[in-house]
Amino acid sequence: MELCRRLKEDIRTSHIPVILLTAKATGADKIEGLVHGADDYIYKPFNIDELKARIENLLIQRDRLRKKYSSM
């Protein structure tokens, strides 16, 4: 959680997508991770295809934002 928070608070690294992959599976744990800036929160055991899809979606979203703001 601390690493996630630090990455998201620093302007130099805040753009890096963070997916927390953890054994902590309570709703409170997920909310804590999201509050600390995680882009996604996945519990173990997880489906590798789901993880790949979530990574792909995050990268596509980041690319769309980059293109949108670089053309302004």
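Select Lys 67. Lys 67 sits in helix H3. (Helices are DSSP runs of H or I with at least four residues, strands are runs of E with at least two, and both are numbered from the N terminus.) Lys 67 is partly exposed, with a relative accessible area of 47%. The C-alpha atoms of Lys 67 and His 36 are 26 Å apart, and the two residues are 31 apart along the chain.

Before going on, a note on the model. Residues are numbered from 1 along each chain as its sequence is written, and side-chain values use heavy atoms, leaving out hydrogens and water. This is a predicted model: local features need pLDDT of at least 70, side-chain atom pairs count only at pLDDT 80 or more, and totals for chains, interfaces and linings use all residues.

**Along helix H3**

Select residues 48-70. This is helix H3, with 23 residues. From first C-alpha to last, H3 reaches 33 Å, close to the 33 Å expected at 1.5 Å a residue. (The expected span is 1.5 Å times one less than the number of residues.)

Go to the start of H3. A side-chain oxygen of Asn 47 comes within 2.7 Å of the backbone nitrogen of Asp 49.

Next, pick Asp 63 and Arg 66. They form a salt bridge, with the closest N and O atoms 2.5 Å apart. (A salt bridge is a side-chain nitrogen of Lys or Arg within 4 Å of a carboxyl oxygen of Asp or Glu.) Both residues lie in H3, 3 residues apart, about one turn of the helix. An α-helix has 3.6 residues a turn, so residues three or four places apart point the same way. Asp 63 is partly exposed, at 28% relative accessible area.

How many salt bridges does a search of the whole structure find? The search finds 10.

Move to helix H1, residues 2-9. Select Glu 2 and Arg 6. Their side chains meet in a salt bridge of 2.8 Å, N to O. Glu 2 and Arg 6 are 4 residues apart in H1, so about one helical turn separates them. Arg 6 counts as exposed at 55%, while Glu 2 is partly exposed at 40%.

Now select Lys 8 and Asp 39. Their salt bridge has its closest N and O atoms 2.8 Å apart. This pair links distant parts of the chain, 31 residues apart: Lys 8 is in H1, and Asp 39 is in the loop between helix H2 (27-35) and strand S2 (40-43).

**Into the core**

Select Cys 4, Val 18, Leu 20, Ala 38 and Tyr 41. These 5 residues make up the largest nonpolar core. (Such a core is a set of buried Ala, Val, Leu, Ile, Met, Phe, Trp, Tyr and Cys residues joined through side-chain atoms within 4.5 Å.) In soluble globular proteins, nonpolar side chains tend to be buried together.

Stay on Val 18. Its contacts include Cys 4, Leu 7 and Ala 38, not counting residues up to four places away in sequence. (Contact means heavy atoms within 4.5 Å.)

**Last stop: two rings**

Which residues form the aromatic pair? Tyr 41 and Tyr 43 do, edge-to-face, at 5.8 Å centre to centre with 75° between the planes. (Rings of Phe, Tyr and Trp, the last by its six-membered ring, pair if their centres lie within 6.5 Å; planes under 30 degrees apart count as stacked, over 60 as edge-to-face and the rest as tilted.) Tyr 41 is buried at 3%, whereas Tyr 43 is partly exposed at 31%.

Key: Polar contact = N/O pair within 3.5 Å; in protein donor to acceptor, adjacent residues only side chain to side chain. Buried < 20%, exposed > 50% of the residue type's maximum accessible area, 1.4 Å probe, protein only.
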